[in-house]
Amino acid sequence: MITETGRIVAVEQDGLWVETIQQSTCGSCAAQKGCGQSLMSRLMGHTSYLWVLLEGRNSEDYHLGEEIQIGVPETVVVRGSLFVYLVPLLAMILGAGLAQQWWASDGLSALGALVGLLGGGALVRWRAHQTRHDRRLQPVLLDDRQPVTVLPS
């Protein structure tokens, strides 16, 4: 489980909006000062906002500005990264190869590569939209406040 510290920016009935800056690997990364993650977030004023499910916890126990720990399973990060990076790349190679096979023109091969790259990006976007509510892919709240289990009556 990859853990991050975040600050609560909104509390809703079934979840929290949490502001984060990904720093979990900053201390162990070989890039150290050469990394642009924190620099970009400072320059652009952009931080990540994540939706974290309360999973039965009482929303009144959480307050704006409070720092909390959230976790994301490693498998979600690895599979998501592979999908996001490989699908457009493979689609680009396929598009270039098919264009070269059909028309044997370098210009059309480059155009085929661009079409494949854009198509792969669209596929990634579509898949992200389809799985946006999948509970298995959501960050989880890591705290000692136990979720309430509701028994069916």
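## Alanine 104

Alanine 104 has a relative accessible area of 60% and therefore counts as exposed, a term for values over 50%, with buried meaning under 20% and partly exposed in between (1.4 Å probe, protein chains only). The structure is a predicted model, in which local features need pLDDT of at least 70, side-chain atom pairs count only at pLDDT 80 or more, and totals for chains, interfaces and linings use all residues. Residues are numbered from 1 along each chain as its sequence is written, and side-chain values use heavy atoms, with hydrogens and water left out.

Alanine 104 belongs to the loop between α2 (74-103) and α3. Helices (H or I, at least four residues) and strands (E, at least two) are DSSP runs, numbered from the N terminus. The phi of alanine 104 is positive, near 50°. Most residues other than glycine have a negative phi.

## Glutamate 55

A positive phi, of about 50°, also occurs at glutamate 55, which is not a glycine. Glutamate 55 sits in the loop between β3 (48-53) and β4 (67-72). Its relative accessibility is 38%, so it is classed as partly exposed.

## Leucine 94

Leucine 94 is part of helix α2 and is exposed because its relative accessibility is 53%. The C-alpha atom of leucine 94 lies 6.8 Å from that of glycine 116, although the two residues are 22 residues apart along the chain.

## Threonine 131

Threonine 131 occupies the loop between α3 (106-130) and β5 (140-142). With 14% relative accessibility, threonine 131 is buried. A polar atom of its side chain is 3.0 Å from the backbone oxygen of arginine 127.

Notes. A polar contact is a pair of N or O atoms within 3.5 Å; within protein, one must be able to donate a hydrogen and the other to accept it, and residues adjacent in sequence count only if both atoms are side-chain atoms.
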